[in-house]
Amino acid sequence: MMAKTVHPKQEFFEIVTVDYKAADERCPDIVRKGFSQLYSIVQTPGYQASVTETFKLCKQFDISQFNHLVGWARNAMLMMAMVDYPYPAEFMGKLPAWPVKHSCKMMLEEMDRSGNEMRALAVGAGLLYNGTDGTKSCFNIYDDFIECADITGCGTGPEAKAWDFQCCTEFQLATPSNNVTDMFPPLEWNLDIASKYCEANYKVSPDPVDASLNYWSADFSAASNIIFSNGLLDLGTLEGCWRT
């Protein structure tokens, strides 16, 4: 968060990568190469049909959809890491227990079939949007994923709009990816970018110290009788208390 809170050693996208590596050390490399192949293939003739078929898109893909497709795939990996429960759940989709492990397993199986990392990425990401029942025959990436002020994902529906606004006012979530310490394509996100988005959509500007003033910060000297708990698979550990 862009607030004066406790900063742990790992950033958000790195923790997601660690989660996938814990499922199988091969999976982060598959995701990284899958994104790389996607970036490369759109530079070649006939990419539209290939990308449409690989990601099972309902509408013909064109380059204007590229950033949204990248966000769609990235969001799937992030969301499954955020709801990586040890039991089946339908909070963000109809997901099996340990969806990160399940997604990783699906990618490894696709690699055994096709040896194509981009196809494996598409299969692994599809788990979030198609669930365990697999009722969708194709994906509408604009229905599945909505870009917002929280680059880790806002979900869909009215709740997503509410969280988007909250990220523009109370919580400024800025944690860029770099493709070095994490498996995702480089993504720049900072207070200036967030401010432009929020002003354009809600005519508000993020306050970088609001969360520190109203919730908590690095100074607990005046606090007592507080129990802090962090699960290292939980991406919320990023904003947890790492020292007392």
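This dialogue goes through a predicted model, feature by feature.

Me: Where should I begin: what elements does the protein chain have, and in what order do they run?

Reply: Begin with the inventory of secondary structure. The protein chain has 10 helices and 0 strands. From the N terminus on, the elements run α-α-α-α-α-α-α-α-α-α.

Me: How many of the residues of the protein chain count as buried?

Reply: Of its 244 residues, 47% count as buried. Contact range is a separate reading. Among contacts between residues at least 6 apart in sequence, 65% join residues at least 24 apart.

Me: How do I read a nonpolar core, and which residues have the most contacts inside the largest one?

Reply: Read a core as a set of buried nonpolar residues joined through side-chain atoms. The largest here has 50 residues, and those with the most contacts inside it are Leu38, Val51, Phe55, Leu69, Trp72 and Met77. Helix 1 (12-23), helix 2, helix 3, helix 4, helix 5 (99-114) and helix 6 each give two or more residues to this core. Helix 4 supplies the largest share, 11 residues. Apart from this core lies another, of 5 residues, including Ala149, Cys167, Cys198 and Tyr202.

Me: What does valine 51 touch, beyond residues up to four places away in sequence?

Reply: Valine 51 touches Leu38, Ile41, Val42, Leu57, Phe61 and Leu69. Two of these, Leu38 and Leu69, are also listed with valine 51 among the residues with the most contacts inside the core.

Me: How do I judge the geometry of a helix, and what span does helix 4 reach?

Reply: Compare its end-to-end reach with the expected span. Helix 4 (residues 66-82) has 17 residues and reaches 24 Å from its first C-alpha to its last, close to the 24 Å expected. Helix 2, with 15 residues, reaches 21 Å, close to the 21 Å expected.

Me: Why is helix 4 described as largely enclosed?

Reply: Because 15 of its 17 residues are buried, helix 4 is largely enclosed by the rest of the structure.

Me: Which residues are buried in helix 2, and what covers them?

Reply: In general, an α-helix has 3.6 residues a turn, so residues three or four places apart point the same way. In helix 2 (27-41), the buried residues are Cys27, Pro28, Ile30, Val31, Gly34, Phe35, Leu38 and Ile41. Their cover includes helix 1, helix 3, helix 4, helix 5 and helix 6.

Me: Which residues of helix 3 are buried?

Reply: Tyr47, Val51, Thr52 and Thr54 are buried in helix 3. What covers the buried residues of helix 3 includes helix 2, helix 4 and helix 6. Just after helix 3, lysine 56 takes a positive phi of about 55°.

Me: How do I read a helix pair, and at what angle do the axes of helix 3 and helix 6 cross?

Reply: Take the approach of the axes, then the crossing angle, then the residues in contact. The axes of helix 3 (residues 47-54) and helix 6 come within 9 Å and cross at roughly 45°. The two helices are therefore oblique to each other. Ser50, Glu53 and Thr54 of helix 3 make the contact with Met118, Arg119 and Ala122 of helix 6. By class, these residues divide into 2 nonpolar, 2 polar and 2 charged.

Me: With which residues is serine 103 in contact?

Reply: Serine 103 is in helix 5 and is buried, with a relative accessible area of 0%. Leaving aside neighbours within four places in sequence, its contacts are Tyr20, Met77, Met80, Gly124 and Leu127.

Me: How does glutamate 199 count at 40% relative accessibility?

Reply: Glutamate 199 counts as partly exposed, because the class lies between under 20% and over 50%. Glutamate 199 lies in helix 9 (residues 191-202). Setting aside neighbours within four places in sequence, glutamate 199 is in contact with Val204 and Ser205. The C-alpha atoms of glutamate 199 and cysteine 168, 31 residues apart along the chain, are separated by 8.6 Å.

Definitions and conventions. Residues are numbered from 1 along each chain as its sequence is written. This is a predicted model: local features need pLDDT of at least 70, side-chain atom pairs count only at pLDDT 80 or more; totals for chains, interfaces and linings use all residues. Side-chain values use heavy atoms; hydrogens and water are left out. Helices (H or I, at least four residues) and strands (E, at least two) are DSSP runs, numbered from the N terminus. The expected span of a helix is 1.5 Å times one less than its number of residues. Buried means under 20% relative accessible area, exposed over 50%, partly exposed in between (1.4 Å probe, protein chains only). Axes are lines fitted to C-alpha atoms, for helices over the stretch in contact, and angles run from 0 to 180 degrees between N-to-C directions. Angles under 35 degrees count as roughly parallel, over 145 as roughly antiparallel, 65 to 115 as roughly perpendicular and the rest as oblique. Contact means heavy atoms within 4.5 Å. Ala, Val, Leu, Ile, Met, Phe, Trp, Tyr, Cys and Pro count as nonpolar, Asp, Glu, Lys and Arg as charged, and the others, Gly among them, as polar. A nonpolar core is a set of buried Ala, Val, Leu, Ile, Met, Phe, Trp, Tyr and Cys residues joined through side-chain atoms within 4.5 Å.
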